[in-house]
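Dear colleague,

I am handing over the structure we spoke about, and below it you will find what was found in it. Please read the notes with the coordinates open beside you.

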Amino acid sequence: MPLRHTRGFKSAQHLSDHFKAHGLRLGLGTEKEYGEFADAFLRGSCPQGAQKFRRLWKDDLVPYDESSNVFAVLDAKGFIKTCYLPDPLRTLDDDELGLFPCGEGEGMGYQCPVCGFLEMPYPPEDYNICPCCGTEFGYHDFSRTHSSLRRIWIDAGCRWFSSAMQLPAGWNPFLQLLKAGLAEIRLHVSADAQAMGVGPATLIRTASENVGTIAA
Ligand SMILES: [Zn+2]
């Protein structure tokens, strides 16, 4: 049962049982409210300062918000495993849970190996589609390499694919490719430009103005 940001719980029984176990303590009255709360916490409303972890052995995503004490687990396929308020008597032990913190700036999404988009809601496998470049993993990359799919996407104008996921504010496909190390800037200074005193520094400045903001 897909929800807004995740695939929801795996089955009606998963949702029902987890609601019964944790819904009341979270102050939620129905299974629907519980499912939507977990969904929003995992992707939408998870506070900025919340700690995010990945579980080494299963690749679960595990955000924990200390201020509200909410803990949730999303599996690698994009299904919600659980969402609860940890028992106050039990301290969350990172080692015990097999968790390690996500890197700085690392979001809750998966990176697309074709276009470098960082917020794929599901891993790039198993017929999941990158909302950015539209690559369907297992289908498009069955007979083509990721770099040839990237070339095709770039040649077609780096268009945003998804209608369901909105284009992120300030999205810039070229910066995305550069940051992901999937593209590089090549400068070719023509003899005429050189004669006019236009060197690579001027061209880089012009290029960065054209693509918007490049961090200095
Ligand atoms: Zn992509």
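**The cysteine in the loop, and what surrounds the rest**

Cys115 lies in the loop between β5 (99-101) and α4, where helices (H or I, at least four residues) and strands (E, at least two) are DSSP runs, numbered from the N terminus. This is a predicted model, in which local features need pLDDT of at least 70 and side-chain atom pairs count only at pLDDT 80 or more, while totals for chains, interfaces and linings use all residues. Residues are numbered from 1 along each chain as its sequence is written.

Cys115 counts as buried because it has 28 C-beta neighbours inside 10 Å; a residue is buried if 20 or more other C-beta atoms lie within 10 Å of its own, exposed if 12 or fewer, and partly exposed in between, with C-beta atoms placed from the backbone. Leaving aside residues up to four places away in sequence, Cys115 touches Cys130, Cys132, Cys133, Arg150, Trp153, Pro173, Gln176 and Leu177, contact being defined as C-beta atoms, placed from the backbone, within 7 Å. The C-alpha atoms of Cys115 and Thr135 are separated by 8.9 Å, although these residues are 20 residues apart along the chain.

Turning to the largest nonpolar core, I find that of its 18 residues Ala38, Phe41, Leu42, Ala72, Leu74, Ile80 and Cys83 touch the most other members, a core being a set of buried Ala, Val, Leu, Ile, Met, Phe, Trp, Tyr and Cys residues joined through C-beta atoms within 7 Å. At least two residues of this core come from each of α1, α2 (31-44), β2 (61-65), β3 (70-74) and β4 (80-84). Apart from it lies another core, of 14 residues, including Phe117, Tyr122, Ile129 and Leu149.

Finally, β2 and β3 pair in the antiparallel sense over 3 bridges, pairing requiring that DSSP finds at least two bridges between the strands. Tyr64 has Phe71 in β3 as its bridge partner, and the hairpin of β2 and β3 has 4 residues between the strands, with Asn69 in the turn at a positive phi of about 65°.

Best regards

Methods: Contact = placed C-beta atoms within 7 Å.
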